[in-house]
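Dear colleague,

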Amino acid sequence: MSTLYLKADQETISKYVIFSGDPWRVEMLQKLLDDPKHVAFSREFNTYTGTYQGVPITISSTGIGAPSAAIAMEELYDCGMEVAIRMGTVMGLKEGMLGKVLIPNGAMRLESTSDSYVPKGFPAVASIDLINVMNQSVKNNNREYLNGISATMDGFYSQMRESRLSKKMNTDILKTFDDLEKFNVSGVDMETSLMLVLGNLMDIKVCSVTMTTVLRNLSKVLEGEERTKAEQDLCKIVLDGIVLLDQGEKQS
Ligand SMILES: O=P(O)(O)O[C@H]1O[C@H](CO)[C@@H](O)[C@H]1O
Ligand SMILES: O=c1cc[nH]c(=O)[nH]1
């Protein structure tokens, strides 16, 4: 029987799963697979399974935010997922980060979906062996990486980006960044901490590989060809990283 929202089942899903936020990035990614089979495009969840250098890999999307990321993780866990990797973009909080890949070893849980699973003291941490292969893959693909702490938040226009409403309400968006910088946080996204928490609860390998496409308050933005190339590199980095992981598992 296929799952409620992703319309996936055990026969169509690999143990290695890559989650993009944007369902259209999945279309870019599936072009790098051999023999990609479309599982479904249902609501914000666009799912394919194919092989990459002989390794079976499923790619799917979460849409924006932690609630739908939890649904995607839960349903693919139901289908036998053993390794979950978020492959997304991040707003960088440090100078010089644009175009660099943030692979956080942990994330501040400033979203509220993970609170519906565990108490506040529960950490959101990535799997060390996944961090290691993804770091190596970034180097192999001639990009730079940083590890460190991410923050995951729910409110795009209430916490990360000024809007007509935030101005009307006198919301101090810059305070979000000032507060996070005090804690030496490197970047902000909307899914990572939830996915790290669920991966640990599921006792599977989990990490988040995020391309810095924008710096705080839009001070710098990757655009045009640079942005396209950054997202293409991100896809390749994550696929190559899974191959490194798979080779390591076969050798041990
Ligand atoms: O690039 P993706 O994976 O969509 O991720 C980022 O982009 C969206 C916000 O613009 C959020 O989902 C955020 O986490
Ligand atoms: O502005 C942005 C870019 C990437 N990720 C986010 O959460 N926000």
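The notes that follow cover the ligand surroundings and then the helix contacts.

This is a predicted model, in which local features need pLDDT of at least 70 and side-chain atom pairs count only at pLDDT 80 or more, while totals for chains, interfaces and linings use all residues. Residues are numbered from 1 along each chain as its sequence is written, and chains are lettered from A and ligands numbered from 1 in the order in which they are written.

Ligand 1 is surrounded by Ser20, Gly21, Asp22, Ile64, Gly88, Thr89, Phe156, Asp189, Met190 and Glu191, where a residue counts as near a molecule if its C-beta atom, placed from the backbone, lies within 6 Å of it. By class, this shell has three nonpolar, four polar and three charged residues (Ala, Val, Leu, Ile, Met, Phe, Trp, Tyr, Cys and Pro count as nonpolar, Asp, Glu, Lys and Arg as charged, and the others, Gly among them, as polar).

Around ligand 2 lie Thr89, Val90, Met91, Met160, Val188, Asp189, Met190, Thr213 and Val214, which divide into six nonpolar, two polar and one charged. Strands S5 (83-92), S10 (185-189) and S11 (205-215) each supply at least two residues of that shell, and S5 gives the most, with three residues; helices (H or I, at least four residues) and strands (E, at least two) are DSSP runs, numbered from the N terminus.

Turning to the helices, the axes of H2 (residues 66-78) and H7 (residues 192-202) come within 10 Å and cross at roughly 25 degrees, the axes being lines fitted to C-alpha atoms over the stretch in contact, with angles running from 0 to 180 degrees between N-to-C directions. H2 and H7 are therefore roughly parallel to each other (angles under 35 degrees count as roughly parallel, over 145 as roughly antiparallel, 65 to 115 as roughly perpendicular and the rest as oblique). In this contact, Ala66, Ala69, Ala70, Met73 and Tyr77 in H2 meet Leu194, Met195, Leu198 and Met202 in H7, contact meaning that the C-beta atoms, placed from the backbone, lie within 7 Å. The residues of the contact of H2 with H7 divide into nine nonpolar, no polar and no charged.

The axes of H1 (residues 23-30) and H8 (residues 224-251) also come within 10 Å, crossing at roughly 65 degrees, which makes H1 roughly perpendicular to H8. Here Arg25, Met28 and Leu29 in H1 meet Glu231, Gln232 and Cys235 in H8, and by class that contact has three nonpolar, one polar and two charged residues.

Best regards

Terms used. Two residues are in contact if their C-beta atoms, placed from the backbone, lie within 7 Å.
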